[in-house]
Each structure stands twice: as C-alpha cells, then as structure tokens.
Amino acid sequence: MLGFNSISIDFVKFILKLYMIEIVTMGKKINVAIAGVGNCASALIQGIQYYNSNSSQKDSIGLTSYNLGGYEPSDINFVAAFDIAETKVGKDLSEAIFSPPNNALQITDVPSFDVKVQKGNVLDGAGNHFSEIVKIADSIEVDVQSVLKDTKADILINYLPVGSREGSRYYADKCLEAGVCFINAIPVFISSDSKWQQKFTNKGLPCAGDDVMSQLGATVVHKTLAKLWVDRGVAIDETYQLNIGGDMDFYNMLDEDRLEDKRVSKTSAVQAMVPYDVPMRIGPSDYVNFLQNDKVCYIYMKGRFFGKVPLELDLKLRVPDAYNSSGVMIDAIRGAKVALDRGVSGPLESISAYCFKHPPVQMSYSSAKSNFIDFIAGKIER
Ligand SMILES: NC(=O)c1ccc[n+]([C@@H]2O[C@H](COP(=O)([O-])OP(=O)(O)OC[C@H]3O[C@@H](n4cnc5c(N)ncnc54)[C@H](O)[C@@H]3O)[C@@H](O)[C@H]2O)c1
C-alpha cells in the first residue's frame with residue numbers, strides 16, 4: 001500500500017511539474033538572432049510561418065511535439081540577423097531569405113518582420129567558392145554584441161558557411177559578451193569543445209551543438225543502420241556515405257580545406273555506434289547545380305552475418321536539405337529556452353545528442369531522444 005502511495009505521489013508531482021512548466025512559459029517569447037541568412041535560415045523561418053498559419057490544426061509533423069516545454073513554434077520571435085552578402089544586407093529578413101544564392105523551396109509567404117539584416121564581420125565566412133558567386137556588402141559592420149543586447153536576444157543560431165571556424169568563434173564570443181545562448185548548427189567544434197564549454201559555464205550560459213542533424217538525413221539513417229547491424233550481431237567490414245547537392249553549401253564544400261570538421265563530425269556520429277574500428281569514408285562528395293537545394297545521399301555497408309556469410313546494403317535517399325534541419329532546429333531552440341528558464345549553463349548534453357551530429361556526448365538515436373524528452377520534463381538536469 002505504501003508503495004502504491006509513493007508511486008501516486010510521484011505521479012502527481014510529475015503532472016504538477018508539467019503544468020508548472022506550461023504556466024511559467026505561457027505567453028513567453030523566445031528571442032532569436034541568426035548569423036548567416038542562407039537556405040537553413042530560410043527553411044527555419046518559412047517553417048515557423050507555416051506552423052503559425054496552421055496552428056489551429058496543431059500540425060506537428062517534423063517536430064517532437066507541437067508544444068514542447070510550454071513553447072509552441074509561434075513563440076519563436078526573430079529579433080536580429082547578420083549576413084555579409086550584398087543581396088541580403090539591408091533587406092528585411094522576410095525578403096533576404098528569398099535572395100540569391102538561396103534556393104530553398106518556397107513553402108509559404110512570409111510577412112515583414114521589421115528586422116533588417118545587418119552586416120556581420122566577414123572573417124573566414126567568405127571562402128574561395130563563395131567569393132566567386134557572392135559580392136560582399138559595402139556597408140559597415142555592426143557591433144554584434146550591442147545588437148544582441150539591444151534586441152534582448154535569448155539565443156543566437158550560427159548558420160555560417162561550412163568551414164567558418166573564425167566566424168563561428170567570433171559569434172560565440174559575442175554571445176558570451178552579450179549574455180546570449182549559442183546554438184551551433186555548423187560543423188565547427190564549439191559546444192563539443194571543452195575550452196568553449198568552460199567559457200559558457202563560467203558565464204552561466206548554455207550552449208548546444210555542433211552541426212545540426214537532419215530529421216531524416218544521411219547521418220541519422222547511417223548511424224541507426226550501423227547500430228541495427230551491431231545489435232543484430234552483423235559484423236560491419238566497410239561502409240561509405242557519399243553526398244551530392246546543388247546549393248551554396250555544397251558549392252562551398254568543393255573546397256576540401258573547409259571540410260575537415262564536416263568529415264570528422266559525420267564520421268564520428270556513425271563510428272560511435274560501432275564498438276570496433278570500421279574502414280569508412282563519409283562526407284560531401286560533389287556539387288551538381290541542377291539538384292538545387294535537394295541532397296542525394298548514397299549509403300553502402302558491407303559485412304558478414306551468420307556463418308560469416310557476406311551481405312551488402314545499398315541505400316539512396318533524396319531530400320530537400322534545408323527543410324530537413326528546420327524542425328530539429330525548432331526543437332533545439334525550444335529546448336535551449338527551457339534550459340535558459342531553468343538557469344542551466346554549459347553544454348546542453350541531451351539537446352545536443354538529439355539534435356546535432358557532433359554533440360558533447362554521442363548517443364544512439366533512441367537514447368538521445370529519451371534523454372531529450374526527460375530533459376524537457378525536468379527529469380534530468382542537462
Ligand atoms: N540540412 C542542412 O542544410 C544542414 C545540416 C547540417 C549542417 N548544416 C550547416 O549549416 C550551415 C548553413 O547552411 P546553409 O545551407 O544555410 O548555408 P548557406 O551557404 O546557404 O548560408 C550561409 C549564409 O552565411 C552568410 N555568411 C557568410 N559569412 C558570414 C559572416 N561572417 N557573418 C554572417 N553571415 C555570413 C552567407 O552569405 C549565407 O547567407 C552550413 O555550415 C551547413 O554546412 C546544414
């Protein structure tokens with residue numbers, strides 16, 4: 001009888017906690033700044049607009065849930081945006097997302113935000129391939145830290161081009177100076193780097209990342225297949241994952257010098273699922289301009305099962321790339337705001353493991369998802 005009572009008291013406490021989360025967050029906005037108004041920013045902003053206009057149906061396809069930790073997609077409020085391209089700087093964010101070389105599919109109209117894209121610090125954001133296509137805006141760089149403070153940004157999302165190590169560190173530093181949470185969508189190691197983790201912990205700020213993991217993209221499919229093979233007792237002998245696409249991200253990725261962190265990020269996500277070393281080649285492979293924002297991925301796995309009999313798997317996946325990451329990012333933003341509300345600082349382990357390829361702690365997809373849900377419910381601290 002005592003056991004039953006204690007279970008029911010715990011259950012009542014849990015339900016009350018969920019209601020408290022709802023009450024505490026009701027009517028609260030999440031102020032978000034964006035560094036890099038490319039295809040990912042376009043898909044994220046259009047996606048939020050799409051969910052806002054369909055809120056009566058509470059459509060949650062592509063989201064963990066419509067209401068997460070008391071926050072709905074409509075609570076995400078864009079307050080600032082930074083870019084360096086002449087085609088985007090000075091425009092309203094709602095217009096800049098449709099400016100070239102962006103080529104993500106348009107799924108909805110976006111009303112004006114009254115948020116002008118401001119010129120950021122160029123640094124290594126403009127690589128060789130980028131500079132062939134994009135003219136850098138003449139306007140003067142803004143003081144990013146002041147903009148973040150003046151606009152009361154809670155979170156900055158880093159969407160700079162692949163390989164922007166200096167640029168990513170610059171925006172992470174600005175977040176530390178302005179007291180803003182940093183979400184790193186790109187394959188440069190900040191949230192998974194112990195020095196940066198310490199900097200965010202010292203400032204009492206959370207950070208999440210690195211390198212956003214798409215909803216149904218090459219990484220989550222490949223790592224889940226690798227785990228399945230291991231769980232089913234199949235020895236993996238070799239595997240590759242080749243990716244092609246036709247957007248600016250893939251054009252930038254023709255520059256092998258900018259790709260080092262991307263390869264590490266994608267490869268480590270798959271290798272972490274296998275308890276022995278497997279010869280593998282994983283990464284972006286070519287630019288095919290007519291694919292536009294579609295990404296095609298080819299996964300190959302070779303191994304042995306019962307009686308050491310050989311088997312092979314070949315898989316092709318084609319997805320609109322930018323949209324593949326936006327639902328995940330809406331979850332990451334809401335999770336990070338829950339962390340801010342609770343005063344959690346340093347690397348957000350469960351959010352990062354669920355939403356990113358190179359998190360501080362690598363987990364299988366199913367563990368990452370249950371930890372993420374437990375974090376939102378307040379059952380685990382980070
Ligand atoms: N599913 C996905 O699309 C996905 C998945 C994982 C990671 N990523 C990463 O997310 C990042 C963004 O992807 P994308 O497709 O939007 O790229 P993109 O090339 O379309 O956009 C990058 C934007 O950053 C701007 N920029 C360049 N230097 C800048 C600077 N110093 N300050 C401010 N802005 C600057 C560019 O002008 C451009 O608008 C890339 O690094 C990509 O590798 C994307």
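## Exercises: cores, helices and a ligand shell

Leaving aside neighbours within four places in sequence, Ile155 is in contact with Ile30, Val32, Val180, Cys181, Ile183, Ile333, Ala336 and Lys337; contact means that two C-beta atoms, placed from the backbone, lie within 7 Å. This is a predicted model, where local features need pLDDT of at least 70, side-chain atom pairs count only at pLDDT 80 or more, and totals for chains, interfaces and linings use all residues. Residues are numbered from 1 along each chain as its sequence is written.

**Exercise 1.** Find which members of the largest nonpolar core touch the most other members.

*Solution.* Start with the term: a nonpolar core is a set of buried Ala, Val, Leu, Ile, Met, Phe, Trp, Tyr and Cys residues joined through C-beta atoms within 7 Å. Buried means 20 or more other C-beta atoms within 10 Å of a residue's own; exposed means 12 or fewer, and partly exposed is in between, with C-beta atoms placed from the backbone. Next, look among the 86 residues of this core: Val32, Ile34, Ile155, Leu156, Ile183, Ile333 and Ala336 touch the most other members. Then see that helix α11 (residues 321-342) brings the largest share of this core, 10 residues. Helices (H or I, at least four residues) and strands (E, at least two) are DSSP runs, numbered from the N terminus.

**Exercise 2.** Decide how helix α8 is oriented relative to helix α10.

*Solution.* First, take the angle: α8 (residues 218-231) and α10 (residues 260-271) pack at about 30°, with axes 8 Å apart. Axes are lines fitted to C-alpha atoms, for helices over the stretch in contact, and angles run from 0 to 180 degrees between N-to-C directions. That angle makes α8 roughly parallel to α10, the label for angles under 35 degrees. Finally, list who meets whom: Thr219, His222, Lys223 and Ala226 in α8 meet Lys266, Ala269 and Val270 in α10.

**Exercise 3.** Work out which helix gives the most to the shell around the ligand.

*Solution.* Begin with the whole shell: 37 residues surround the ligand, and the closest are Gly36, Gly38, Cys40, Gly120 and Gly125. The cut-off is a C-beta atom, placed from the backbone, within 6 Å. Then check the elements: α2 (39-53), β2 (76-83), α9 (248-252) and α11 each supply at least two residues. Of these, α11 gives the most, with 4 residues.

**Exercise 4.** Is Pro161 buried or exposed?

*Solution.* Locate Pro161 in the loop between β4 (155-158) and α6 (165-178). Pro161 has 24 C-beta neighbours inside 10 Å, so Pro161 counts as buried.

Key:
Parallel < 35°, antiparallel > 145°, perpendicular 65-115°, else oblique.
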